[in-house]
Amino acid sequence: MKAKVYVTLKPSVLDPQGKAIQHSVEQLGFGGIEDIRQGKYFEIALDESVSDGDARAAAERMAREVLSNPVIEDFRVEVER
Amino acid sequence: MKFGVIIFPGSNCDHDAYHVISKHVGQPVSFVWHKETDLSAYDAVILPGGFSYGDYLRAGALARFSPVMRSVKEFAARGGLVLGICNGFQILCEAGLLPGALMRNRDLHFRCEHVRVRVESVDTPFTNELSRGDLLSLPIAHAEGNYTCDDATLAEMQREDRIIFRYCDAAGDVTDESNPNGSRDSVAGVCNRARNVMGFAAISPRKCLSVAARASERSRPPLPNS
Amino acid sequence: MELITPEQVAAHNLTPQEYERIKSLMGREPTLVELGVFSVMWSEHCSYKSSRTHLKRLPTRNARVVVPPGENAGVVDVGDGWCAAFKVESHNHPSFIEPFQGAATGVGGILRDIFTMGARPVASMNSLRFGSLDHRKHGARNRSLVHGVVAGIAHYGNAFGVATVGGEVAFDDAYALNPLVNAFALGLVRRDQIFFGRASGVGNPVLYVGAKTGRDGIHGATMASAEFDEEALEKRPTVQVGDPFLEKLLLEACLEAMRSGAVAGIQDMGAAGLTSSSCEMAARAGTGVELDLTLVPQRETAMTAYEIMLSESQERMLIVAHKGQERQVVDIFKNWDLDAVVIGRVTDTSRVQLVCHEGTVADIPVGYLTDEAPLYERPMRAPKRRDAGEASEDKDVAVGGGIDIVSPAPPTAPVFDDDEQRTQTSDDGRRTTDNGLRDHADSLRLLLASPNVASKEWAYRQYDHMVRTNTAVLPGADAAVVRIKETRRALAMCLDGNGRYCAADPREGAKLVVAEAARNVVCVGARPLAVTNCLNFASPERPEVMWAFSEVIDGMAEACLAFDTPVISGNVSFYNETEGRGILPTPVIGMVGLIEEVSRIVQPGFKAEGDTVVLLGETRDDLSISEYAATVEGRTTDEMIARGRVPALSLELEKRVQEACLRLAAEGLLRSAHDCSDGGLAVAVAESCFSTLNRPSVGVDLALCSGTLPVATYLFAESPSRIVVSFDPEAGDRVHEIAEELNCPVTLLGTVGGERLAVKVNGAEEIDAGVNELEQVWRGSLSSRLRAEASAASSAD
């Protein structure tokens with residue numbers, strides 16, 4: 001089973017990388033872009049015997065304590081079998 | 001006054017810090033491997049610059065889980081002096097020993113250059129031999145030196161005089177142009193509420209350490225269990 | 001046993017003749033693994049099969065040389081028991097395919113070459129060449145390559161913790177589809193603690209240490225030995241990804257293992273990975289090795305013996321430990337959280353024997369892979385020099401060092417495409433020099449803004465050039481200087497190349513490059529010690545390229561002998577051509593010099609108002625191949641090569657000028673010294689005026705006499721053997737005395753002071769410009785040209 005963790009900057013935090021990417025994408029001719037924010041994505045492979053609830057709890061703890069910095073980042077967890 | 005310089009895997013200013021303390025400050029100093037947990041022999045510990053754990057994930061994020069960091073927290077809680085330089089500053093923020101976080105520089109590039117900083121507070125054991133308003137020319141070398149924190153934290157630090165250094169121009173004015181990385185309020189160094197833990201974004205161990213060492217020599221903190 | 005098809009032979013970049021030779025040596029058909037091993041060991045990259053016959057003409061020894069070419073890096077004695085290990089190596093092809101990782105792993109590879117010798121790396125530099133930033137067709141791609149390569153170098157060097165102290169960045173359309181990325185590193189080692197890549201001691205265990213093996217980079221060595229086409233970009237998966245953090249741990253663990261006394265020999269797994277490291281270690285020691293490939297730590301599943309042997313995964317080393325001490329090595333690596341596994345032993349068979357699950361997969365006498373590797377006397381032919389008049393019309397004109405090209409090179413785009421300068425530079429044609437149409441101050445501005453002359457701060461600010469705090473002269477000077485801690489000594493180093501000169505006259509061009517490199521270290525007060533070279537050329541199968549290569553070797557040999565700077569290491573990079581267009585012949589010289597007393601280091605830039613400025617050396621009519629010809633006159637590289645004349649170099653005059661500068665430095669008389677090269681005298685003086693770390697910008701007042709030369713020639717010619725120096729006027733008599741004694745020409749230029757660069761020639765005011773304004777042009781040019789692309793490359797870490 002797999003836990004997926006998405007880490008993004010908090011909406012209030014400036015994202016210069018996202019801005020640079022947006023600039024490059026617009027240079028390529030893509031129009032109508034309001035904003036690009038970049039982030040990190042983690043795939044955590046877990047033992048099949050772990051229950052969905054435990055998997056989610058573990059992934060959320062990892063996300064909170066290691067994968068994200070609560071000062072600047074938010075996270076979201078998905079679990080799939 | 002006995003110093004410990006912590007070596008994390010990926011530290012690369014560890015030898016500089018060691019050299020400055022032994023040769024320029026003239027105090028006893030030892031390296032402390034990140035897997036060690038006993039800091040009782042030291043009066044002050046330094047978290048040196050470098051790329052601990054490759055700065056993977058976020059600068060300083062993985063080093064904070066090194067075994068030694070639990071001891072550093074206890075050491076700081078007992079009043080021991082803790083100085084984080086460059087990457088060490090990032091580790092202290094990640095570990096929650098200092099408020100805020102250091103993000104990617106605003107121009108996205110690693111920046112290695114000499115900058116000017118203004119001394120904003122002399123009310124720490126690290127800066128009490130300097131004068132408020134002193135200008136220092138120091139090297140920086142970082143990709144993630146862009147200090148940020150929320151409004152409440154910033155207001156609190158301003159109120160409590162905990163912003164120790166700010167980036168400034170040659171005339172001593174804090175301007176947007178003289179801010180090399182986009183740090184909030186041009187912050188280059190801050191301390192904790194107890195004023196015994198300081199993080200500094202420059203890499204100059206020499207100026208910072210010799211000041212710290214001389215200062216702490218005088219105001220030697222009482223260290224229970226040591 | 002499987003049958004090898006002609007297609008497989010071709011896919012391994014072996015010729016049918018080479019394959020026949022393998023069969024006849026082996027007395028049978030090779031296995032696929034053996035074919036793979038032969039293909040990398042016999043590749044141009046590993047065997048130097050086209051260049052070896054020429055390289056032996058280079059001087060490689062003198063009394064200071066401790067380790068001549070043949071090991072991972074050369075070593076010279078620098079005094080007080082210390083030695084310097086250094087080398088430069090190309091990573092051109094990988095950097096074109098994936099600039100960020102290509103450049104990063106280039107840095108990683110050269111650092112391993114240094115610490116393999118037992119030396120701790122203390123400085124790195126890089127020599128970079130790209131197509132022009134404003135090129136109509138390739139400009140965006142060129143800019144993105146610059147971003148990616150510089151970010152990759154910064155990523156690896158900074159995280160590893162080595163000071164990247166300088167180098168060069170140059171632009172010419174000859175490199176548009178073949179950027180050059182040459183990485184240099186230098187390390188320090190005690191003379192009695194040098195290690196070698198030798199599998200010595202029969203019965204000794206062979207350990208694999210560092211990162212696990214994956215499928216990355218398979219066939220990198222053969223890729224570096226083949227021409228490019230657009231399809232090469234499809235080969236992207238073969239590019240390796242570097243891990244500077246792991247390499248930092250590997251460095252510390254290796255140095256600790258060496259200090260422990262348990263290590264008998266050690267070798268980096270670079271190009272061709274486990275194959276070349278094991279074969280070369282056995283070959284150097286005259287032994288054999290026996291490896292069990294099932295023991296090799298693997299990152300991916302179901303890897304075959306073939307893949308394990310040919311993988312180019314980074315950050316791996318092969319260590320031969322003393323028998324019985326392998327445990328000690330394993331423990332040291334474990335403390336750094338690194339793998340160290342015994343995978344085989346040294347034998348007395350002189351054979352490489354490989355075992356995998358299926359049994360023996362390869363069994364080859366080591367000598368077949370090294371001594372018996374093909375050696376080619378490639379045909380050579382000097383190109384016909386075209387008459388100047390027909391050059392630009394002739395589709396077959398020999399350019400790029402006499403490489404036949406399919407189509408003529410695209411003309412260089414105007415430098416200032418969308419700038420107000422354009423009105424002055426475009427319509428008045430290319431013949432404007434002294435006829436009054438252009439003012440020399442504008443020419444100077446154009447030159448200062450030219451990417452080849454402009455400040456490279458945009459790049460080196462991204463490199464940590466101060467880590468470990470030994471850097472005594474920062475990037476941007478003629479040479480960087482790094483102190484040797486706990487001694488009074490320091491080492492100066494620089495990288496230099498000049499494709500235009502070497503294309504127009506490879507022998508003289510190579511001499512000029514060596515002379516300039518030596519002069520650059522002299523300008524910071526260092527005596528040239530030794531050289532490493534990176535020889536970047538197009539396909540050796542073209543007789544004109546091979547001729548140029550041979551000429552370059554002869555010119556380099558002559559100059560290196562003259563300066564007593566032996567070539568102690570280096571690298572040859574052939575096949576730098578894409579779609580039939582080759583690069584200019586571009587030998588890059590890494591020169592290292594010694595300063596015996598750190599207080600005698602000469603820092604760049606004028607120091608004090610009132611100081612006297614003089615020129616050591618002489619200015620001659622050397623404008624036809626120059627930055628002025630390219631930038632101000634708008635000449636294309638092809639035109640310059642076809643019609644221009646390489647400056648005449650007198651090695652004897654060069655030595656006198658350098659000796660004079662060194663004597664002045666040694667006596668502590670010099671306030672500043674600056675090599676007079678790209679952009680000529682005017683640029684050298686302007687650069688000396690610009691602000692430095694320790695002082696704001698300062699002006700200078702020059703009163704010059706051009707003699708028989710036109711004013712533009714006098715101001716902008718790139719005659720060799722010239723250094724602009726400044727000193728306290730009170731030292732003037734002694735300066736002239738020394739110059740006279742050494743028979744070094746001296747010309748008084750003027751006096752430091754004020755805020756303007758004021759130049760009178762023959763009594764007439766030719767330039768009068770504010771130094772601050774000129775400095776802004778020079779300092780801001782590169783970043784403003786590159787700013788358009790805040791590309792994803794720079795945020796790729």
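Modeller: A residue is called buried if 20 or more other C-beta atoms lie within 10 Å of its own, and we shall need that cut-off as we read this predicted model.

Biologist: With that in mind, how many of the residues of helix α16 of chain C are buried?

Modeller: Helix α16, which spans residues 440-449 of chain C, is mostly covered, since eight of its 10 residues are buried. Among them are His440(C), Ser443(C), Arg445(C) and Ala449(C), together with Leu444(C), Leu446(C), Leu447(C) and Leu448(C).

Biologist: Against which elements do the buried residues of α16(C) pack?

Modeller: In chain C, they pack against the helices α21 (627-631), α24 (680-689), α25 (711-716) and α27 (771-787), and also against the strand β28 (764-770).

Biologist: Why is Glu577(C) classed as buried?

Modeller: Glu577(C) is buried because 22 other C-beta atoms lie within 10 Å, and the cut-off for that class is 20 or more.

Biologist: Now I would like to read a sheet; what holds the strands of a sheet together as pairs?

Modeller: In general, the strands pair through backbone hydrogen bonds, and they do so either parallel or antiparallel. Here, six strands of chain C form an open sheet with mixed pairing, and their order is β14-β15-β16-β21-β17-β18. Strands β14 (471-473) and β18 (567-573) of chain C are the edges, each pairing on one side only, while the twist from one strand to the next averages 25°.

Biologist: In which sense do β15 and β16 of chain C pair?

Modeller: Strand β15 (residues 480-483) and strand β16 (residues 490-496) of chain C are antiparallel partners joined over four bridges, and within this pair Ala480(C) stands opposite Met493(C) of β16(C).

Biologist: Which helix lies across β17, β18 and β21 of chain C?

Modeller: That is helix α20, residues 543-563 of chain C, which runs at about 175° to β17(C).

Biologist: And how should I read the way α19(C) passes α20(C)?

Modeller: One looks at the two axes and then at the residues between them. The axes of α19 (residues 506-523) of chain C and α20(C) come within 7 Å and cross at roughly 35°, and the crossing is right-handed. The contact includes Val514(C) and Ala518(C) of α19(C), and Val552(C) and Phe563(C) of α20(C). The residues of this contact between α19(C) and α20(C) divide into 11 nonpolar, two polar and six charged.

Methods
Residues numbered from 1 in each chain as written. Chains lettered and ligands numbered in written order. Predicted model: local features only at pLDDT ≥ 70, side-chain atom pairs only at ≥ 80, totals over all residues. Buried ≥ 20, exposed ≤ 12 C-beta atoms within 10 Å, placed from the backbone. Pairing = 2+ DSSP bridges. Helix = DSSP H or I, 4+ residues; strand = E, 2+ residues; numbered from the N terminus. Axes fitted to C-alpha atoms, helices over the stretch in contact; angles between N-to-C directions. Contact = placed C-beta atoms within 7 Å. Left-handed = near helix turned anticlockwise from the far one by under 90°. Nonpolar A, V, L, I, M, F, W, Y, C, P; charged D, E, K, R; others polar.
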